Amino acid sequence: MRRSISIFMAFALVGMFVYSCQKESLTQGQEIPQKVIDQLTKMGFNPDGIELTDEGYRIERDIIITDEFLATAGNETRVPGAEQYSTNNLVSTGGSRNIKMFADTGRRGYSAGMIAGLDEAIARYNAMNLEISFSRVTNSNQADIVMTRLNKGEERQGILGSAGFPTASGDPYGEIKMSGILESGYGLSTAGIATIIAHEMGHCVGFRHTDYFDRSISCNGSPYNEGEAGIGANHIPGTPTGATNSAKSWMLSCTDGGDRPFNNDDRTALNYLY
Ligand SMILES: [Zn+2]
């Protein structure tokens, strides 16, 4: 028995979006090797939150840790205060790097509304004139990041998306798992969908949650610290002390499904890293 937890938000029976990263349900699942539980625990993760997925181990609700990542993760321990944060691994740009994204539009793929959200997310990053830029390609073989749908059960549970962090060799994480029902099931606007996709893209290039040190800031519930977790939680210079929900950072742990364009601190953080 292990806990299954939803990412970001759940669709409440009362018909509104709520901040909810609380543990939603208990499901029977595949066993996670004790060795992996031990390693992830040692890295600072709460073992209750580990789920086995096709890509690897899903922790902290929307972060994927692959076996490869586990093998290369350091044991550095840094627990800073409260600002914008990055992982130790970042994307190598060589001064300028275009990251190609693919999202399936086939039968079990994404609707036009979801693709519009992806295009808007890409446009938001590109408008920043960073060393990284994004483009959408129509052939998955050419893509650096492939966006694929969650399974139906996860989509119905209200899971929004998940992604991982850059590799030790400086490539972005290669897959975003994303719900395909943000528009059809939850009625999110293009801007709201763009916000969620931009969040997962943020993980792929090395952003941790702005409130990683206390997820209750955006998710409500009890204080919960994701920890340094062996992947780094490096303060990004120039970003303020103390995350608040009202600042609506795109990298907050939970969202209400609304629009969160990059705020000034998000911009500082993006410009600093890239
Ligand atoms: Zn996240």
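Begin by selecting Asn 129, which lies in the loop between H3 and S10. In these labels, H marks a helix (a DSSP run of H or I with at least four residues) and S a strand (a DSSP run of E with at least two), numbered from the N terminus. Residues are numbered from 1 along each chain as its sequence is written. The model is a predicted one, in which local features need pLDDT of at least 70, side-chain atom pairs count only at pLDDT 80 or more, and totals for chains, interfaces and linings use all residues.

Is Asn 129 buried or exposed? Asn 129 is exposed, because 10 other C-beta atoms lie within 10 Å. The rule is that a residue is buried if 20 or more other C-beta atoms lie within 10 Å of its own, exposed if 12 or fewer, and partly exposed in between, with C-beta atoms placed from the backbone. The phi angle of Asn 129 is near 50°, a positive value in a residue other than glycine.

**Helix H3**

Next, select residues 112-126, which form helix H3. The expected span of a helix is 1.5 Å times one less than its number of residues. For the 15 residues of H3 this gives 21 Å, and the end C-alpha atoms are 21 Å apart, so the two values agree.

Colour the buried residues of H3: Met 114, Gly 117, Leu 118, Glu 120, Ala 121, Ile 122, Arg 124 and Tyr 125. What covers the buried residues of H3? The cover includes strands S9 (97-103), S10 (132-136) and S11 (145-149), together with helix H5.

Keep Leu 118 selected and display its contacts, a contact being two residues whose C-beta atoms, placed from the backbone, lie within 7 Å. Setting aside residues up to four places away in sequence, Leu 118 touches Met 101, Ala 103, Arg 136, Met 147 and Ile 197.

Leu 118 is also one of the residues with the most contacts inside the largest nonpolar core, along with Met 101 and Ile 197; this core has 56 residues. Helix H5 (residues 190-204) supplies the largest share of the core, 7 residues. A nonpolar core here is a set of buried Ala, Val, Leu, Ile, Met, Phe, Trp, Tyr and Cys residues joined through C-beta atoms within 7 Å. In soluble globular proteins, nonpolar side chains tend to be buried together.

Move to strand S13, residues 175-178. Glu 175 and Lys 177 point one way from the strand, whereas Ile 176 and Met 178 point the other way, and all are buried. In a regular strand the side chains alternate between the two faces of the sheet.

Two strands pair if DSSP finds at least two bridges between them. S11 and S13 run parallel and are joined by 4 bridges; Thr 148 has Lys 177 in S13 as its bridge partner. Strand S12 (residues 161-162) pairs with S13 in the antiparallel sense over 2 bridges, and Lys 177 is the bridge partner of Ser 162.

**A three-stranded sheet**

Now select strands S5, S6 and S7, which form an open sheet of 3 strands in the order S5-S6-S7, with antiparallel pairing. Which are the edge strands? They are S5 (51-52) and S7 (63-65), each of which pairs on one side only. Strand S6 (residues 57-59) and S7 pair over 3 bridges, and Ile 59 stands opposite Ile 63 in S7.

**Leu 252 and helix H7**

Select Leu 252 in the loop between S14 and helix H7 (264-273). Leu 252 counts as buried because it has 23 C-beta neighbours inside 10 Å. Apart from its neighbours within four places in sequence, Leu 252 is in contact with His 209, Thr 210, Asp 211, Ser 218 and Asn 245.

In H7 itself, select the buried residues Asp 266, Ala 269 and Leu 270. Seen down the axis of H7, these buried residues fall within an arc of 95°, so they line one face of the helix. The arc is that of the directions from the helix axis to the C-beta atoms.

**The whole chain**

Of its 274 residues, 45% count as buried. Colour the chain by pLDDT, the predictor's confidence in each residue from 0 to 100. The average is 80, and 78% of the residues score at least 70. Over residues 1-29 the pLDDT stays under 50, and over residues 74-82 it is below 50.
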